[in-house]
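Hi everyone, thanks for making time for this. Please have a look at the model on the screen, and then I'll walk you through it.

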Amino acid sequence: MDLNIQNVIKQYGSVKALDNVSLNIPHGSLVCFLGPSGCGKTTLLRAVAGLEDIDSGKIMLGDADLSHTPARSRNFGVVFQSYSLFPHMTAARNIAYGLECRSWTKAQIATRVREMLDLVHLDSQAEKLPAQMSGGQQQRIAIARALAPNPSLLLLDEPLSALDAKVREELRNEIRALQKRVGITTIMVTHDQEEALAMADVIVVMKDGHIEQTGTPQMLYQQPQTSFVADFIGRMNILTLDKATEDKATGNDLHFADKILKLDHSNSGHTAPVSKVGIRPESINLLPAAQAVADDNHFPAIIRSQIYLGHISRLEVVPDKRPDIKISVEMHGAANKTGVLPQTGDAVTVHLPADALRVLS
Ligand SMILES: Nc1ncnc2c1ncn2[C@@H]1O[C@H](COP(=O)(O)OP(=O)(O)OP(=O)(O)O)[C@@H](O)[C@H]1O
Ligand SMILES: [Mg+2]
């Protein structure tokens, strides 16, 4: 069953924590709520969990309206950032506890606890107390505990953020694999874009209580619709157009560095006057000065700085005709197509491929 969030509003005093949020979460998918601190991720997750009353709107699971169902009757599994295991209970008892509350029989509980420990690969830790386990192990037990009663939804609020980088990466792969195996619809809150890109079927980018954009990791990276999304997911050069463009009522010609930039078809539907376009650092070509380029999307520039990082080199170039703008360029390996890494002070031709330029609102 899909989870359907309809026009949800939640206000704390004058703060609109959720400002008319609507979203459909397909059955069996893993969805990440991604956004900066205070954008409303936790509030939305808690509203879905039933831990937070909403002011208006609806939360539907299939045909069932859960908007006013108490948390304990929703049958959702929840895991929070800080280890929320009962400190005086062993791993096995932690997993069993929720099943005892649901009046499962002793035999059913024993079987289920073994299954869950096996699922998170911690059979050997059954009799340990939380304090005797690593952070990563504790979070895996917390996930096992959440999944034990067969919830219809798994809700994770920054479950990896207290762990160190290596464990984090291991565990995110493990959670993803486990989620696919169990096939449970899962919502995970994170403010880590790499985590969201690596794990999610769908990413929901939030800002100031509303959804900026929803899409697959590829869609959000390749077709960001706003400067905020472009900048929050990966790195993006945001080029404000030359003054001439803004003055034009039609906004059809995109002047930049005294050139008229051409965009490909997927960008051509813009109706409002365009004031900025974006391009990823790795999409830009640097060519020797005065080299001929097939299309018109190129202009002379000077290398302002270059950093060699092994797998990539990161350069900053400044267009001759737009000295106010620094464009970040990333090249794979040490060299460009001519086999030479441009050096600081070099004159180059910057080429912005039409299919890599994005109109941003
Ligand atoms: N119980 C509360 N009382 C008053 N204001 C709250 C409460 N909970 C959240 N807020 C406010 O609502 C907004 C959204 O908070 P929320 O916790 O959902 O953000 P978040 O995206 O989870 O941030 P973080 O990444 O820091 O966890 C913030 O402005 C926050 O201060
Ligand atoms: Mg939060």
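Let's begin with the six-strand sheet, which is open, has mixed pairing and runs in the order S6-S7-S8-S3-S9-S10. Strands here are DSSP runs of E with at least two residues, helices are runs of H or I with at least four, and both are numbered from the N terminus. Two strands count as paired if DSSP finds at least two bridges between them. Strand S6 (76-79) and strand S10 (210-215) stand at the edges with a single partner strand each, so one side of each has no neighbour in the sheet. On average, neighbouring strands of this sheet are turned by 15° against each other, direction ignored; the axes are lines fitted to C-alpha atoms, and angles run from 0 to 180 degrees between N-to-C directions.

Before I go on, a word on the ground rules. This is a predicted model, where local features need pLDDT of at least 70 and side-chain atom pairs count only at pLDDT 80 or more, while totals for chains, interfaces and linings use all residues. Residues are numbered from 1 along each chain as its sequence is written, chains are lettered from A and ligands numbered from 1 in the order in which they are written, and side-chain values use heavy atoms, with hydrogens and water left out.

Strand S4 (residues 56-61) and S5 run antiparallel and are joined by two bridges, with aspartate 65 in S5 as the bridge partner of methionine 60.

Now for the ligand. Which elements supply at least two residues each of the shell around ligand 1? They are strand S2 (15-25) and helix H1 (41-49), and H1 gives the most, with three residues. The residues around the ligand, meaning those with a heavy atom within 4 Å of it, include Tyr12, Lys41 and Glu158.

As for polar contacts (here, pairs of N or O atoms within 3.5 Å), a polar side-chain atom of serine 37 lies 2.5 Å from an oxygen atom of ligand 1. The side chain of threonine 42 has an N or O atom 2.8 Å from a ligand oxygen, and for cysteine 39 a backbone N or O atom lies 3.2 Å from one.

Terms used: Polar contact = N/O pair within 3.5 Å; in protein donor to acceptor, adjacent residues only side chain to side chain.
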